[in-house]
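Please look over the structure below.

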Amino acid sequence: MKKIFRYLAVVAIAAAASACGHVTITTPAKDAHHIESLAQTIETEAELRAVEKLASEYEAAYRQAYGGAMAMKFKSLVEPMLISAGERRDEFRAAEEWLAQQQATLAKHINIMERAWCLEITTPDQDIAKIEANNQERTVLEANIETLTAVKDECSMRYFNALDTPEAETLREEFAKVNSDIESAEQEIDALNIDNEVIVLAYKLQRGEELIVACDEECCTECGDAAECGDIMECCDDEDEE
Amino acid sequence: MKKIVLTITSVVALTACGAGDDRAIILDEQNALNLAYDKSYELCEKITQAANYEEFKSACALLGAYDEAFRTQIGGEPYLIFIEECNALLSDK
């Protein structure tokens, strides 16, 4: 609520000052101080734009009334203020994005647990078979992504060589399509990983049992963690991350 | 007619209970950081230790109510810490 009022105040002051198409100037120092007081409260893009607009109107008014030197003096005073306001806006934006990401992660955790509680588990053998089928599907998708990535790289190279030619637009569309295919394959992989996680968690939550998933021997030899592989399905993924 | 009256009464009662729960959580702003750590641990323990689906759902509802209370009454860093701690605790589920 406080945030809304503050935003409205900044926008209202900036809008009121520019409503008649002009601002009343006093001295560069005083007017810069006014801009500074507004700039210090900036948190959003809209607030920053409103204050920048007001500052440019002051600058124009100085130019009109006293010429370029006075306008430059005002500009040199307010420029650092607007730069630091922009940096503060960036920090707020990054913090908001991080918070949104954390909120989404929390919702995902709860959703996975909810699905695990609601999953109708059958027998360990059948559920392990489901996990293995998902893993196979994942392997196919990973291979597809590799192929598509090669196509994308080639397409991107051809696009830069064909810039300013009629072929460029076709290549740009092709690039966008391949990119979107890669994204959807990645989403499918995420969904399969979550499905596996849900199955394993369902056994833990509903029966207090650990579902032991036999691992791919080749995979375990590669990651050298065969002992751990029985209950950690993603040992090779862990290895990749390291 | 009786069915309609019953349905409306139930909806009103449920809404009133829901609103009552939200109001019941009042967080101490002075102690917000400690509260963020303590409550995230306490609530996530309830979620991960739930013995059945009903307990899990009720623990989730409580977490949701505290999430809302932290967001609206305190916000800022303590709220972020509350969410981050919950994520860290639930990722070990």
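Helices here are DSSP runs of H or I with at least four residues, and strands are runs of E with at least two; both are numbered from the N terminus. The model is predicted, so local features need pLDDT of at least 70 and side-chain atom pairs count only at pLDDT 80 or more, while totals for chains, interfaces and linings use all residues. Residues are numbered from 1 along each chain as its sequence is written, chains are lettered from A and ligands numbered from 1 in the order in which they are written, and side-chain values use heavy atoms, leaving out hydrogens and water.

- Arg172(A) and Glu169(A) form a salt bridge, with their closest N and O atoms 3.1 Å apart.
- Both residues of this pair, Arg172(A) and Glu169(A), belong to helix 6 of chain A and sit three residues apart, about one turn of the helix.
- Glu45(A) and Arg49(A) also meet through their side chains in a salt bridge, at 2.6 Å from N to O.
- Because Glu45(A) and Arg49(A) are four residues apart in helix 3 (residues 45–66) of chain A, about one helical turn separates them.

**A salt bridge between two helices**

- The side chains of Arg115(A) and Asp195(A) form a salt bridge of 2.7 Å, N to O.
- This pair links distant parts of the chain, 80 residues apart: Arg115(A) is in helix 4 (residues 68–118) of chain A and Asp195(A) is in helix 6 (residues 167–207) of chain A.

**Exposure of the partners**

- Buried means under 20% relative accessible area, exposed means over 50%, and partly exposed is in between (1.4 Å probe, protein chains only).
- Glu45(A) is partly exposed at 28%, and Arg49(A) is partly exposed at 42%.
- Arg115(A) is partly exposed at 34%, and Asp195(A) is partly exposed at 27%.
- Arg172(A) is partly exposed at 40%, and Glu169(A) is partly exposed at 42%.

**A network**

- Salt bridges with shared partners join Glu45(A), Arg49(A), Glu52(A), Arg89(A), Asp90(A) and Arg93(A) into one network.

**Confidence**

- The pLDDT is the predictor's confidence in each residue, from 0 to 100; chain A has a mean of 86, and 80% of its residues reach 70 or more.
- Residues 230–234 of chain A have a pLDDT below 50, and this stretch has 11 contacts beyond near neighbours in sequence (a contact means heavy atoms within 4.5 Å).
- Residues 238–242 of chain A also have a pLDDT below 50, with two contacts beyond near neighbours in sequence.

Key:
A salt bridge is a side-chain nitrogen of Lys or Arg within 4 Å of a carboxyl oxygen of Asp or Glu.
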